[in-house]
Amino acid sequence: MSPTRRCSRSACSRTAVATLTYDYANSTAVLGPLATYAEPHAYDLCSEHSERLVAPRGWEVIRLAPDPAALGPSSDDLLALADAVREAAKPPEEPEEPRGEGPRRGHLRVLRNPDM
């Protein structure tokens, strides 16, 4: 999982929960759920700063509510988790021993006698 992103407001170290973007052509500020990845022209805000957000006079603020279905794990997340569990449950494969050598013990090897 990606590291948690922090609020873009100066002197705020809280975890970001929303992303703010601006549409300058339409004088609109859009506040929505936290973007999947950080964008250079977007601002991540904590819950306190996202609730107190006000736009300049003449601007409209659009607040997009997060999709409740998107808050929980997706089917892709669950499939990835199931695959990881299956992979971890597999018994480790035994490496093939090179011919003429016996099992390894630490940094030493037991060599088989070719005459036997």
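Hi everyone. A polar contact is a pair of N or O atoms within 3.5 Å, and within protein one of the two must be able to donate a hydrogen and the other to accept it. One word of caution before we start: what you see here is a predicted model.

Let's begin with the overall layout. The protein has 116 residues, and 17% of them count as buried. As for contacts between residues at least 6 apart in sequence, 49% join residues at least 24 apart.

Now for the inside. The largest nonpolar core has nine residues, including Cys7, Cys12, Leu31 and Cys46. Strands β1 (18-23) and β2 (28-33) each give two or more residues to this core. Take Cys46 as an example: leaving aside neighbours within four places in sequence, Cys46 is in contact with Cys7, Cys12, Arg14, Thr15, Ala16 and Val17.

Next, please find Thr19, which sits in strand β1. Is Thr19 buried or exposed? Its relative accessible area is 7%, and buried means under 20%, so Thr19 is buried. And here is our polar contact: the side chains of Thr19 and Asp44 are joined by one of 3.1 Å. Not counting residues up to four places away in sequence, Thr19 also touches others, among them Arg5, Val30, Leu31, Pro33 and Tyr43.

How values were computed:
Residues are numbered from 1 along each chain as its sequence is written. This is a predicted model: local features need pLDDT of at least 70, side-chain atom pairs count only at pLDDT 80 or more; totals for chains, interfaces and linings use all residues. Side-chain values use heavy atoms; hydrogens and water are left out. A nonpolar core is a set of buried Ala, Val, Leu, Ile, Met, Phe, Trp, Tyr and Cys residues joined through side-chain atoms within 4.5 Å. Buried means under 20% relative accessible area, exposed over 50%, partly exposed in between (1.4 Å probe, protein chains only). Helices (H or I, at least four residues) and strands (E, at least two) are DSSP runs, numbered from the N terminus. Contact means heavy atoms within 4.5 Å.
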